[in-house]
Amino acid sequence: MLYEAPSIDDRAVWDILMSMLHLPAVTAADEVGVFAALREEELTREALAARVGADARALGIVLGVLAGLGTVVRRDGRWRATPLSRAYLDPAGGYYWGGLLHRFKNDLPYHARLVELLKRAGAPSGHVEGWEAGQIPPDVARAIATFMHAHSLPAAIGAARDGDFAGVKKLLDVGGGSGVFSIAIAQRHPDMQASILELATMCEAAQKYIAEAGMDGRVDTVACDMFRQPWPKGYDATFFSNIFHDWPDDTCRELAKKAFDITPQGGRIYIHEQLMGDAEDGPLTTACFSLLMLLATKGKQYTLAELRGFLESAGYVDVKAIPTSPYYSLVSARKP
Ligand SMILES: C[S@@+](CC[C@H](N)C(=O)[O-])C[C@H]1O[C@@H](n2cnc3c(N)ncnc32)[C@H](O)[C@@H]1O
């Protein structure tokens, strides 16, 4: 089965899916007092977090969604309320919609969990603990592969089409999930071999996708816990899709360094992610995806500057980014 580009891109599907987080971001911000706190003053993320008693990381991610919705803006590093939120979302604004927000918030999936995370009273509820422990049961691995494959297939075809993989003969796809990126890139580059580095149960799940795509022999799997075990050598480049967004800064730096250490001089690293804008105030759908990472992982959607920082701290140079599909970019860098 050849992975062919769809006739229409999936931007609208991303927008529809992520819209589930619009209202919970507003009701949670209302409940912890964000709009009231920004009534009089422009505040940095840290100052606002201290003012409302919120976790700064969680608040920064929520602010990205609020900015995408036009209820706050960030200028010169400080957040401020907009005329919209001053009028309708501030309890003292005169036209406060609190009555309706409070009427519906408890029926909203995610409202209570976002409030808990903002108040440091909750933990992510995804698979991150199993990933950290290096153990995911086989049925869970198959379920993760199914949902990841669904949202990654169009993006993988875009990354394979637009990415510069010239000279890459052997690619190591770290945390490659169902193998969708390895398959798409290897199909596009007939002289390339790709290996999916994954937890053992995910390697088993990926076999089905490799076989369905007719890519046995060109794409294989390497069972490896990326945190505990040595990574295989002999690859010209490493590839990470939707991996950095699962982890905090120090883990991202560790992953970049592990990739650097097994890469030969002149070899490359590719990071496929939805990038937040430089001011971390959108795009709205990417900000919502970041909020999903807050709910389910220890990471967030990073800016290009943040990814550049991780890569340069490992020793990479020539950091570049190109857009490859709706909301996604492929960031690449070279080992000097
Ligand atoms: C968000 S998914 C990304 C999958 C794929 N790259 C994509 O974009 O469709 C994260 C992947 O990281 C893998 N992963 C998490 N912890 C890992 C570990 N300790 N060692 C190896 N892989 C791990 C998971 O099994 C999962 O498939």
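# Chatting through a predicted model

Modeller: Let's begin with strand 4 (residues 193-198): five of its six residues are buried, so the strand is largely enclosed by the rest of the structure. Strands (E, at least two residues) and helices (H or I, at least four) are DSSP runs, numbered from the N terminus.

Biologist: Thanks! What kind of model is this, and how are residues numbered?

Modeller: This is a predicted model, where local features need pLDDT of at least 70, side-chain atom pairs count only at pLDDT 80 or more, and totals for chains, interfaces and linings use all residues. Residues are numbered from 1 along each chain as its sequence is written.

Biologist: Back to strand 4. In which sense does strand 3 pair with it, parallel or antiparallel?

Modeller: Strand 3 (residues 170-174) pairs with strand 4 in the parallel sense, over five bridges. Pairing here takes at least two DSSP bridges between the strands. Ser195 in strand 4 is the bridge partner of Leu172.

Biologist: And which residue of strand 5 is the bridge partner of Ser195?

Modeller: That's Asp220. Strand 5 (residues 219-223) runs parallel to strand 4, with five bridges joining them.

Biologist: How does the chain cross from strand 4 to strand 5?

Modeller: Through helix 12 (residues 200-212), in a right-handed β-α-β crossover. Right-handed means that, with the strands pointing away from the viewer, the path from the first strand over the helix to the second runs clockwise. Strand 3, helix 11 (residues 180-188) and strand 4 also make a right-handed β-α-β unit.

Biologist: New topic: which strand is joined to strand 1?

Modeller: Strand 2 (residues 78-81), which runs antiparallel to strand 1 and is joined to it by four bridges. Arg80 in strand 2 is the bridge partner of Val73. Their hairpin has two residues between the strands, and Asp76 takes a positive phi near 55° there.

Biologist: Which residues of strand 1 are on its covered face?

Modeller: Val72 and Arg74, while Val73 and Arg75 form the uncovered face of strand 1 (residues 72-75). In a regular strand, side chains alternate between the two faces of the sheet.

Biologist: What about domains?

Modeller: The domain assignment, automatic or from a database, gives domain 1 (11-118) and domain 2 (128-334).

How values were computed
A residue is buried if 20 or more other C-beta atoms lie within 10 Å of its own, exposed if 12 or fewer, and partly exposed in between; C-beta atoms are placed from the backbone.
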